[in-house]
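Hi,

Here is the structure I promised to pass on. Please open it beside this message, and my notes follow below.

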Amino acid sequence: MKHLPPDDTPADSDVRGQRGIQSLDNTGQLLDALLAAGRPLALGDLARLAGMPAAKAFPHLVSLQKIGLLMRDAQGNFLPGALGLELGLAALQRLSPLREAEAEVAALAQETGLSVALAVAGPLGPTVVRLEESSRPQHVSLRIGTVLSMVHTAIGRVCAACAPADGLPGALALDGIRMEGAALESVCHADGSLHAAYAAQLAKIRAQGMDQALGHPVPGINTLAAPVFNHAGQLALVMAVMGSSGSYDTALQGAVAQRLRSAAQAVSWRLGAALDAQAPLA
């Protein structure tokens, strides 16, 4: 479970060249190792993962216990303490997904030359809440407030793929009122179970961590969409790039898809999500 920031995040780049206190840097290595492991660790295991002798690690761990950043369980293993949990909660409470995504949206649009959209799972369905227009002329029919189909759009299908299974039939029942919406019976049986083809489509999205819509529902416009998760592993946003057909590589392993995936992961990390929990989604 990786909790370290991506190398190109502002939190990392702002301090990379600054001089710090080496002993605190060593302490940070121990905290990073514990978080990366994602479970309580014995002294020897924690020291090994942090790349230092146990004798060197122990004084740091004692100090971390004293201030409450770490504690030990009945078996003597180290795990986050009360102060560590309070700091984490305080950080999470101040987070705004849209604010955290803003820098990534602007950079993604500038680097790719494509339009970039953010959507949330609103009361009526996947709703566009941010749109950075491309500098290139292109006809994209999205506007702030547009509610998208969970069947016929890449953004909507990503929302559906990440939605709780028990709530999905109810969400699909409203699809007819959304942009390019589908009738419930086209994707759902009377008992609420999904048609095999649609269920397989959502499973594929979860496996590849992204979806694409090529020339549909908007003719001549291709879209790639990726999920952004919060600290609880829930969908916080969908980030998408859009451009005219033939204007960019839409392959899921192509440069644009990789840049979109990187941007989505960077925002997910800032929202507290573990990076390795994002691909695959299943």
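**Notes on the model**

Glu180 counts as partly exposed, because its relative accessibility is 37%. Bear in mind that this is a predicted model. Glu180 sits in the loop between helix H8 (168-172) and helix H9 (196-208). Its phi is positive, near 60°, and Glu180 is not a glycine. Most residues other than glycine have a negative phi, and most peptide bonds are trans.

The peptide bond between His216 and Pro217 is cis, with omega at about 10°. Pro217 belongs to the loop between strand E5 (211-214) and strand E6 (221-229).

**Salt bridges**

How many salt bridges does the structure hold? The count is nine. Side chains of opposite charge can pair when their charged atoms come close.

Start with Arg130, which has two partners to look at. With Glu102, the N to O distance is 2.6 Å. Arg130 is in strand E4 and Glu102 is in helix H6 (residues 97-112), so this pair ties together parts that are 28 residues apart in sequence. With Glu132, the closest N and O atoms of the bridge to Arg130 are 2.8 Å apart.

Is Arg130 buried or exposed? Arg130 is buried, because its relative accessible area is 17% and the cut-off for buried is under 20%. Glu102 is partly exposed at 33%. Glu132 is partly exposed too, at 25%.

Next, Asp45 and Arg48. They form a salt bridge, and their closest N and O atoms are 3.6 Å apart. Both residues lie in helix H3 (residues 43-50). They are three residues apart, about one turn of the helix. Asp45 is partly exposed, with a relative accessible area of 32%. Arg48 counts as exposed, at 56% relative accessibility.

There is also a network of salt bridges. It links Glu100, Glu104, Glu111, Arg259 and Arg270.

**Helix H10**

Arg259 and Arg270 are among the buried residues of H10. Others there include Leu260, Val267 and Trp269. In total, 12 of the 16 residues of H10 are buried, so the helix is largely enclosed by the rest of the structure.

Gln258 is partly exposed, with a relative accessible area of 34%. Setting aside neighbours within four places in sequence, Gln258 is in contact with Leu252 and Gln253. Just after H10, Gly272 has a positive phi of about 100°.

**Second largest pocket**

Strand E3 (115-122), strand E4 (125-132) and helix H7 (154-162) are the elements that give two or more residues to its lining.

Which residues lie nearest the centre of this pocket? They are Ala121, Met150, Cys159, Ala163 and Pro164, out of 15 lining residues. By type, the lining has 11 nonpolar residues, three polar and one charged.

Best wishes

Note on methods: Residues are numbered from 1 along each chain as its sequence is written. This is a predicted model: local features need pLDDT of at least 70, side-chain atom pairs count only at pLDDT 80 or more; totals for chains, interfaces and linings use all residues. Side-chain values use heavy atoms; hydrogens and water are left out. On a 1 Å grid over the protein atoms alone, a cavity is a set of points where a 1.4 Å probe fits but cannot get out, and a pocket is an open set with protein on both sides within 12 Å along at least five of seven lines; lining residues have an atom within 4 Å of a point. Helices (H or I, at least four residues) and strands (E, at least two) are DSSP runs, numbered from the N terminus. Ala, Val, Leu, Ile, Met, Phe, Trp, Tyr, Cys and Pro count as nonpolar, Asp, Glu, Lys and Arg as charged, and the others, Gly among them, as polar. Buried means under 20% relative accessible area, exposed over 50%, partly exposed in between (1.4 Å probe, protein chains only). Contact means heavy atoms within 4.5 Å. A salt bridge is a side-chain nitrogen of Lys or Arg within 4 Å of a carboxyl oxygen of Asp or Glu.
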